[in-house]
Amino acid sequence: MHHKEKLEFTPVIGIEIHIQLKTRSKIFCSCAADYTNDEPNTHICPVCMGLPGSLPALNGEVIRQAMRAGLTLHCRILPTTFFFRKSYYYPDLPKGFQITQSDLPIAADGWLEIHDDAGRPKRVRVNRLHLEEDVGKLRHVTADGRIEGASSSFVDYNRSGLPLAEIVSEPDISSAREAVEYVTTLRRRVLHAGASDVDLEKGMMRFDANVSLKCSDGRWGNRVEVKNMNSFRALERAIEYEVKRQGSILAEGGEVMRETRHWNDARGVTTGLRVKEFYRKFIVEPDLPPLVITKEQVDEALASLPEMPEEKLVRYVGFGLSEGDAAVLIEEPAVARYFEACVTAGANPLRAGNWVRTEVLRVVNDAKVSADMIAVSPEALASLLAKVEDGGLSTTLAKSVFDALLDGLSFEDALKRSGASDGAVDVHALAASVVAANPDVVAEIRSGKDTKGKKVKFLVGLMMRESKGSVKVDEATAALEKVLA
Ligand SMILES: [Zn+2]
């Protein structure tokens, strides 16, 4: 018993990720890839339904995006690859086989840098990225439309034939946390490249994990494939569960069964799949020629890649932002673009960073919209921050101006509604800006030459005009005298 308690287990984890490549149409036909708001089976044709006599034609955009995705993972692009038919019969695959590159991939031998649990940098090798077509989606529905306890099954083939890239890692991952860092790093790079929208809620990124344990007494547990994880949290929990489950079997001296298990997210457990593995026969796809990629195509794909998120992070830290704050800003490309547009429009990067991380991200998350779509443009935010910077506007008032801008008000109306136009604070700022903009007039006043007060009236007039008459003359005069004093 004593030596058993001393047993230690090192998880050995490899991850397979399916991502949907970003293209207008499906992989082998011209059906539109985006069916988000459409009825089932409205994006289908003889090719993606696999009807006899139909011929697949490879979509060039799929090749380009697969190369770009592979290059963001530091893969090399293979000059010649083939497609195969992976045979199995299931209702989600009417033609009886799936077209896939399988282990003759378009991209191979890449890596991604993550951190181990002690925070040290480590590389996870990417074995390959290969192309394949997606299959239909089964829906089990009861007579009254519920999913539970289903009495009927329907198939929606809108998803059938969407372009998938399967990305297979080497078993270099040692914990659930590392696994999540690997998949989030990968997602971020592919998203910034624009090679996929990797929207997890829309099923554009799905995970399987191969988990086994190495025991400190020299034993190796068998490998278990865990399927059906559709979120980072599910991936993390499934791996934690498997490591625990396999650890307790090995600790009892048992043997881990080599099998495929299914992650049940609602129950938080993995269960053995009782269905038999399909016999999967591969033959070369006779209807598709070998895929040949030229060096020029690879160079073009490489040149088309934008700045990667890790490079952005370094640049933002160069602006003076903390690494943690910069990491929040680089997560989504649209947020990074917003932040940079704000800085380009003259905003102080630290202040802009704070506002984007709090106010802008609040709107993005609450309304579930892209930062590109929010009602306050980065330029408007930059103008607002300039007012805060000048000392004329308190942060509290600025936030209510921001909210008014969100409601679609013009900048001036937003200032008015928030009370930023007629408060003492704003009159003071107005006076300060008028003083700053008219150094010659101010010099005359200060030298005592303006005995009749004409110059002061001139500046008050400017303030009246600037505020479109919303400030009172005596308030403006008082504020001006304060600033000049
Ligand atoms: Zn089609």
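I took helices (H or I, at least four residues) and strands (E, at least two) as DSSP runs, numbered from the N terminus. On that basis I counted 16 helices and 16 strands in the chain. I noted that this is a predicted model, in which local features need pLDDT of at least 70, side-chain atom pairs count only at pLDDT 80 or more, and totals for chains, interfaces and linings use all residues. Residues are numbered from 1 along each chain as its sequence is written.

**Overall form**

I looked up the radius of gyration, taken over C-alpha atoms, with the globule rule being 2.2 Å times the number of residues to the power 0.38. The chain has 30 Å, whereas a compact globule of 485 residues would have a value near 23 Å. Along the principal axes, the C-alpha atoms fill a box of roughly 100 × 70 × 55 Å.

**Domains**

The bounds come from an automatic or database domain assignment, and I read them as domain 1 (2-299), domain 2 (307-396 + 405-410) and domain 3 (421-485). Taken over C-alpha atoms, the centres of domain 2 and domain 3 are separated by 33 Å.

**Helix 7 with helix 9**

For helix pairs I used axes that are lines fitted to C-alpha atoms over the stretch in contact, with angles running from 0 to 180 degrees between N-to-C directions. Helix 7 (residues 323-330) and helix 9 (residues 349-367) have axes that come within 10 Å and cross at roughly 55°. The two are therefore oblique to each other, given that angles under 35 degrees count as roughly parallel, over 145 as roughly antiparallel, 65 to 115 as roughly perpendicular and the rest as oblique. With contact meaning C-beta atoms, placed from the backbone, within 7 Å, I found Asp325, Val328 and Leu329 of helix 7 meeting Gly353, Val356 and Arg357 of helix 9. These contact residues divide into three nonpolar, one polar and two charged, where Ala, Val, Leu, Ile, Met, Phe, Trp, Tyr, Cys and Pro count as nonpolar, Asp, Glu, Lys and Arg as charged, and the others, Gly among them, as polar.

**Helix 10 with helix 11**

I then turned to helix 10 (residues 378-389) and helix 11 (residues 395-406), which pack at an angle of about 160° with their axes 10 Å apart. That angle makes helix 10 roughly antiparallel to helix 11. Ala380, Leu384, Lys387 and Val388 in helix 10 meet Thr395, Ala398, Val401, Phe402 and Leu405 in helix 11. I recorded seven nonpolar, one polar and one charged residue in this contact.

Notes
Two residues are in contact if their C-beta atoms, placed from the backbone, lie within 7 Å.
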